Amino acid sequence: MSFNEVRKDYLLDRWVVIATERGRRPTDFAKKEREKAKKGVCPLCLGNEHLTPPAILVYLKSGGGIKKSRDKDGFRHKNWLIRCIPNLYPAFAPPTGKAGKMQIMKSDDLAVAIGHHEVLVESPIHNEHPANARASQLTHVINAYIDRLRELSSKPYVKYVSIFRNHGLKAGASLSHAHSQIIATPFIPRIVKEELEASKKFWTRNKKCIFCDILEKELDGPRLILENADYVVFAPWASVNPLEFWIIPKKHEATLLELSQTDVKTLAKTLKACLNGLKKLLHDPPYNYGFHLAINKSSRRFYHWHLEIYPRLAIWAGFEKSTGMYINTVTPEAAAESLRDTISS
Ligand SMILES: [Zn+2]
Ligand SMILES: [Zn+2]
Ligand SMILES: [Zn+2]
């Protein structure tokens, strides 16, 4: 008999069984019917601004370009292109009183959830999700990510800014209006911290960036999904999620703050192509995505930002939850082939 492979993540001490014996094809995960969020008044739709707190940032059309502004207490901008608002039920909330002076760690196992939690409304159009967004709109979305990242990462008590998106009810999106979330935390979350530590170690030993190394290797390999002038997309070697893929910039940068407008536009196009491919392949499956980046200058040499996309297709059950080891029934190579074919067709 042949044995399954157990693969280790490029950086994390995380192992996944690639269970090919079950022989599942990526398209086995396609579903005709998706559960939809309940219908009702959408608080994120154009005209319903009064149902949400004042926006921290709005993009408004101004001549041929964009004007950036914010709402004030009783005033809400109308006819916006992008709107970023504080979450009504924030997981992390801004400090009251003197920022930065407050003690965050109360003891070894207790901290205060100081930070920020924002909702970024990606479009005035309810259903303008990245898979079918206008390129110009998706460019605004990424520019708004960068604006918020710049402001939040400059705060003394913020140590990490997580920019992520939940798509579909099963992936945790309780509102179906196209939106992302941004959470700024007073410490670096575990997975990013482990990536930082592992990439620093690799740098010390090899005097090069492990991500630059990974993308060079994946460029020639069976897990490549898409390549253009600025980005490489591939299914990671030890994907824990079926159909998982990563978008990595060719340019070595630790964070999104240095992206040029050309870089942003290409990222919008790349993201759209990949998410549209996923949508076509599996009938709009739920997914989560999250950026991994470093906001501290000391990580610039060895860390390399990337976007990880996790389709929500498998159910993690007893084994995964109790051990932190995973079973993936689709090989990353088969996932890449399916996505590659769908995107190029
Ligand atoms: Zn809506
Ligand atoms: Zn690099
Ligand atoms: Zn990562």
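Me: What makes the arrangement of the four donor atoms around the zinc ion (ligand 1) tetrahedral?

Reply: In this predicted model, the four donor atoms around the zinc ion (ligand 1) subtend angles of 106 to 118°, and four donors count as tetrahedral if all angles lie between 85 and 135 degrees, so the arrangement is tetrahedral. The donors are Cys42 (SG), Cys45 (SG), His126 (ND1) and His177 (ND1), which coordinate the ion at 2.0 to 2.3 Å.

Me: How are the donor residues of the zinc ion (ligand 1) spaced in sequence, and which parts of the chain does the pair Cys42 and His177 link?

Reply: The spacing of these donor residues is C-x2-C-x80-H-x50-H. Cys42 lies in the loop between β2 (15-18) and β3 (57-62), and His177 in the loop between β9 (160-167) and β10 (179-185), so that the pair, 135 residues apart, links distant parts of the chain.

Me: Why do Cys42 and His177 count as buried?

Reply: Buried means under 20% relative accessible area; Cys42 has 13% relative accessibility and therefore counts as buried, and His177, at 1%, counts as buried as well.

Me: Why is Cys209 called buried, and why is Cys212 called partly exposed?

Reply: With the limit for buried set at under 20% and that for exposed at over 50%, Cys209 counts as buried because its relative accessibility is 5%, whereas Cys212, with a relative accessible area of 24%, falls in between and is therefore partly exposed.

Me: Which atoms coordinate the zinc ion (ligand 3)?

Reply: The zinc ion (ligand 3) is coordinated by Glu195 (OE), Glu195 (OE), His292 (ND1), His306 (NE2) and Glu308 (OE), at 2.0 to 2.6 Å. The donor residues are spaced E-x96-H-x13-H-x1-E in sequence. His292, in strand β14 (residues 287-292), and His306, in strand β15 (residues 306-311), are 14 residues apart and link distant parts of the chain.

Me: What kinds of residues form the lining of the second largest pocket?

Reply: The lining divides into eleven nonpolar, seven polar and no charged residues, and the space in this pocket is about 260 Å³. Of the 18 residues that line the pocket, the closest to its centre are Leu44, Asn87, Leu88, Val119 and Leu175, while β5 (80-86) and β10 each supply at least two residues of the lining.

Me: Why is the protein called as compact as a globular protein of that length?

Reply: The protein has six helices and 16 strands. Its radius of gyration is 20 Å, and the globule rule gives 20 Å for 345 residues, so the protein is as compact as a globular protein of that length. The C-alpha trace spans about 70 × 45 × 40 Å along its principal axes, and buried residues make up 52% of the 345 residues.

Key
Residues are numbered from 1 along each chain as its sequence is written. Chains are lettered from A and ligands numbered from 1 in the order in which they are written. This is a predicted model: local features need pLDDT of at least 70, side-chain atom pairs count only at pLDDT 80 or more; totals for chains, interfaces and linings use all residues. Side-chain values use heavy atoms; hydrogens and water are left out. Donors are N, O and S atoms within 2.8 Å of the metal (3.2 Å for Na, K and Ca); water is not among the atoms, so sites may look incomplete. Four donors count as tetrahedral if all angles lie between 85 and 135 degrees; four count as square planar and six as octahedral if opposite donors are over 155 degrees apart and all others between 65 and 115; anything else is irregular. Helices (H or I, at least four residues) and strands (E, at least two) are DSSP runs, numbered from the N terminus. Buried means under 20% relative accessible area, exposed over 50%, partly exposed in between (1.4 Å probe, protein chains only). On a 1 Å grid over the protein atoms alone, a cavity is a set of points where a 1.4 Å probe fits but cannot get out, and a pocket is an open set with protein on both sides within 12 Å along at least five of seven lines; lining residues have an atom within 4 Å of a point. Grid points are joined across faces, edges and corners, and a volume is the space filled by probe spheres set on the points. Ala, Val, Leu, Ile, Met, Phe, Trp, Tyr, Cys and Pro count as nonpolar, Asp, Glu, Lys and Arg as charged, and the others, Gly among them, as polar. The radius of gyration is taken over C-alpha atoms; the globule rule is 2.2 Å times the number of residues to the power 0.38.
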